[in-house]
Amino acid sequence: MQQSGAAGGRGCALFSVLGILFFQGVHIVLSLEINADAHVRGYVGEKIKLKCTFKSTSEVTDKLTIDWTYRPPSSSRTESIFHYQSFQYPTTAGTFRDRISWVGNVYKGDASISISNPTLKDNGTFSCAVKNPPDVHHNIPLTELTVTERGFGTMLSSVALLSILVFIPSVVVVVLLLLRMGRKAAGLKKRSKSGYKKSSIEVSDDTDQEEKDECMARLCVRCAECLDSDYEETY
């Protein structure tokens, strides 16, 4: 009985140690949360952004690393196209040479990059891996990039939208102005043919003007008479 009790005690102690180690392991092995767009669509010749964000339980240090890789369609071969550790290291070889740009901000949890002058050959799978020691265990999200050429329908829709926003309002304004000018010209022509009768306001305005002119004439005559009388008195 004592041996079995001792064995049971050793078993409990061993279980306790394993439990402590497992408990400690959960706290020691930290993880990162990384998110990226599963599908990205782009057009030939137009810059494409590959978005990648991360959340870490540790502060960002100079030990943080970011690695972007690319895998062509129907292939298991992958190639590194971008590396970051305090500085940016875009690839200097391969099809993505001089076409990868850093557009992220590690202090804001952004590990995004962009591809300039994309072609149909850039179709494939991209992956974003981030490590921020001691946070090194995480998922690696994949992004499927599909590059196509802009069709005539897409270009036509852009032109149509531009026309709606710019040209159509301008045409409407011009048409309204022409209609207004045409109506005004038609009204004047109609008045000239049928004989135009002045309104009471216009008549009163003309009467006031005539009275003013008459008063001015009388004043001028009076002034002339005064001058003549003064001239006669001098003799």
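**Ground rules**

I number residues from 1 along each chain as its sequence is written, and my side-chain values use heavy atoms, with hydrogens and water left out. Since the model is predicted, local features need pLDDT of at least 70 and side-chain atom pairs count only at pLDDT 80 or more, while totals for chains, interfaces and linings use all residues.

**Entry 1: the six-stranded sheet**

I began with the open sheet of six strands, which has mixed pairing and the order β2-β12-β10-β5-β6-β7. My strands are DSSP runs of E, at least two residues long, numbered from the N terminus; two of them pair if DSSP finds at least two bridges between them. β2 and β7 (87-90) are at the edges with a single partner strand each, so one side of each has no neighbour in the sheet. From one strand to the next the twist averages 20°, taken between axes that are lines fitted to C-alpha atoms, with angles running from 0 to 180 degrees between N-to-C directions.

Which strands pair with β12, and in what sense? I found that β2 (residues 39-43) pairs with β12 in the parallel sense over five bridges, and Gly42 is opposite Val147 there. β10 (residues 124-131) pairs with β12 in the antiparallel sense over four bridges, with Gly124 opposite Leu145.

I then checked the faces of β12 (residues 142-148). Thr143, Leu145 and Val147 make up the covered face, and Leu142, Glu144, Thr146 and Thr148 the uncovered one. In a regular strand, side chains alternate between the two faces of the sheet.

At the other end of the order, β6 (residues 79-85) and β7 run antiparallel and are joined by four bridges. Phe82 stands opposite Pro90 in β7.

**Entry 2: the three-stranded sheet**

There is also an open sheet of three strands, antiparallel, in the order β3-β9-β8. Its edge strands are β3 (48-50) and β8 (100-102), each pairing on one side only. The twist here averages 30° from one strand to the next. Three bridges link β3 to β9 (residues 113-115) in the antiparallel sense, and Leu50 faces Ile113 across that pair.

**Entry 3: the disulfide**

How many disulfides does the whole structure have? My search found one, counting a pair of cysteine sulfur atoms within 2.5 Å. The partners are Cys52 and Cys128, with their sulfur atoms 2.2 Å apart. Cys52 sits in β4 (residues 52-56) and Cys128 in β10, so the pair ties together parts that are 76 residues apart in sequence. The torsion about the S-S bond is about -80°, so I noted the disulfide as left-handed.

Are the two cysteines buried or exposed? Cys52 is buried at a relative accessible area of 0%, and Cys128 is buried at 1%. My cut-offs are under 20% relative accessible area for buried and over 50% for exposed, with partly exposed in between (1.4 Å probe, protein chains only).

**Entry 4: Ser127**

Ser127 is in β10. It counts as buried because its relative accessibility is 12%. Which residues does Ser127 touch, leaving aside neighbours within four places in sequence? With contact taken as heavy atoms within 4.5 Å, I listed Asp67, Trp68, Thr69, Ile140, Pro141 and Leu142. The C-alpha atoms of Ser127 and Ile140 are 6.6 Å apart, although 13 residues separate the two along the chain.

The side chains of Ser127 and Thr69 make a polar contact at 2.2 Å. For that term I need N or O atoms within 3.5 Å, one able to donate a hydrogen and the other to accept it; residues adjacent in sequence count only if both atoms are side-chain atoms.

**Entry 5: Asn132**

Asn132 lies in the loop between β10 and β11 (137-138). At 0% relative accessibility, Asn132 counts as buried. What does Asn132 contact beyond four places in sequence? I got Leu32, Ser56, Ser58, Glu59, Val60, Thr61 and Leu64. A polar atom of the Asn132 side chain lies 3.2 Å from the backbone oxygen of Ser58.

**Entry 6: the core**

The largest nonpolar core has 26 residues. A core here is a set of buried Ala, Val, Leu, Ile, Met, Phe, Trp, Tyr and Cys residues joined through side-chain atoms within 4.5 Å. Ile66, Trp68, Ile81, Phe126 and Val130 have the most contacts inside it. I looked up Ile81: leaving aside neighbours within four places in sequence, its contacts include Trp68, Phe96, Ile100, Ile113 and Phe126.
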